[in-house]
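Student: I'd like to go through this one with you piece by piece. Could you start by telling me how the terms are set?

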Amino acid sequence: MTDKLWDGAPLSSIDVETFLPHRRPMVLIDKVLEHGHDSLLTATHISDSSPYFDAALGGVPNYVGIEYMAQSIAALAGVEATLRGEPIQVGFLLGSRKLSMPLAVFALGETYTTEVKRLYQEDTGLAVFDCRIFHGATQVAEANVNVFQPQDTDAYIRESQGSSTRI
């Protein structure tokens, strides 16, 4: 993996929004740390202003981890699109398999890294990723995440809306 993107600039110095189709406050990951062939490593620091922060829990509930994984996958797609000189595209989280989240809460003041590795991708835009979240060297969540990135998002949405109204 490398942390350099272009002109020797470290990925961690580039605003993560550069690579995501999301805008704040729905950007949940903080930094892109490393990019490799079919893989990406991101970081998320938990603060009291983090989306979904719950003061009663003292952090962010573990179920938000699936979105950390999904946004890390989106950031990988964004980095790859940027390197090809193409626009950032919207993708869809379809589901997950082998989901394990033994950590109950992403704790206030802690930083977590999310590693995503593409296992498989079809020309249609359907892909499967191996995703893992770490606190230091300790793995605190994992899943195989299924995503879909259509060639034409607007046409896909129009088509999906039309088919959902048919009986």
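Tutor: Helices and strands here are DSSP runs, numbered from the N terminus, with helices being H or I of at least four residues and strands being E of at least two. This is a predicted model, in which local features need pLDDT of at least 70 and side-chain atom pairs count only at pLDDT 80 or more, while totals for chains, interfaces and linings use all residues. Residues are numbered from 1 along each chain as its sequence is written, and side-chain values use heavy atoms, with hydrogens and water left out.

Student: What about the phi of Lys-98?

Tutor: Lys-98 is not a glycine, yet it has a positive phi of about 55°. Lys-98 belongs to strand β4, and with a relative accessible area of 62% it is exposed.

Student: Switching to pockets, how much space lies in the largest pocket?

Tutor: The largest pocket holds about 630 Å³ of space. The search runs on a 1 Å grid over the protein atoms alone, and a pocket is an open set of points where a 1.4 Å probe fits, with protein on both sides within 12 Å along at least five of seven lines; lining residues have an atom within 4 Å of a point. Grid points are joined across faces, edges and corners, and the volume is the space filled by probe spheres set on the points.

Student: Which residues are closest to the centre of the largest pocket?

Tutor: The lining has 33 residues, and the closest to the centre are Ala-77, Gln-89, Gly-91, Phe-148 and Gln-149. The elements that give two or more residues to that lining are α1 (65-84), β4 (92-100), β6 (111-121), β7 (126-135) and β8 (138-148).

Student: Which of those gives the most to the lining, and how does the lining divide by class?

Tutor: α1 gives the most, with ten residues. By class the lining has 16 nonpolar, ten polar and seven charged residues, where Ala, Val, Leu, Ile, Met, Phe, Trp, Tyr, Cys and Pro count as nonpolar, Asp, Glu, Lys and Arg as charged, and the others, Gly among them, as polar.

Student: Tell me a bit more about α1.

Tutor: α1 has 20 residues and reaches 29 Å from its first C-alpha to its last, close to the 28 Å expected at 1.5 Å a residue, the expected span being 1.5 Å times one less than the number of residues. The helix is mostly covered, with 15 of its 20 residues buried, and after it comes Gly-85, whose phi is positive, near 75°.

Student: Now charges. How many salt bridges does the count come to?

Tutor: The count comes to eight salt bridges, taking a salt bridge as a side-chain nitrogen of Lys or Arg within 4 Å of a carboxyl oxygen of Asp or Glu. Asp-15, Glu-17, Arg-23 and Arg-24 are linked in a network of them.

Student: How does Glu-17 pair up with Arg-23 and Arg-24?

Tutor: Glu-17 meets Arg-23 in a salt bridge at 3.7 Å, N to O, and meets Arg-24 in another at 3.0 Å, N to O. Glu-17 is buried, at 16% relative accessible area, whereas Arg-23 is partly exposed at 48% and Arg-24 is partly exposed at 46%.

Student: What is the peptide bond from Arg-24 to Pro-25 like, cis or trans?

Tutor: That bond from Arg-24 to Pro-25 is cis, with omega near 15°, and Pro-25 lies in the segment before β1 (31-36).

Student: Where do Glu-142 and Arg-132 lie?

Tutor: The side chains of Glu-142 and Arg-132 meet in a salt bridge at 2.9 Å, N to O. Glu-142 is in strand β8 and Arg-132 in strand β7, so the pair ties together parts that are ten residues apart in sequence.

Key: Buried means under 20% relative accessible area, exposed over 50%, partly exposed in between (1.4 Å probe, protein chains only).
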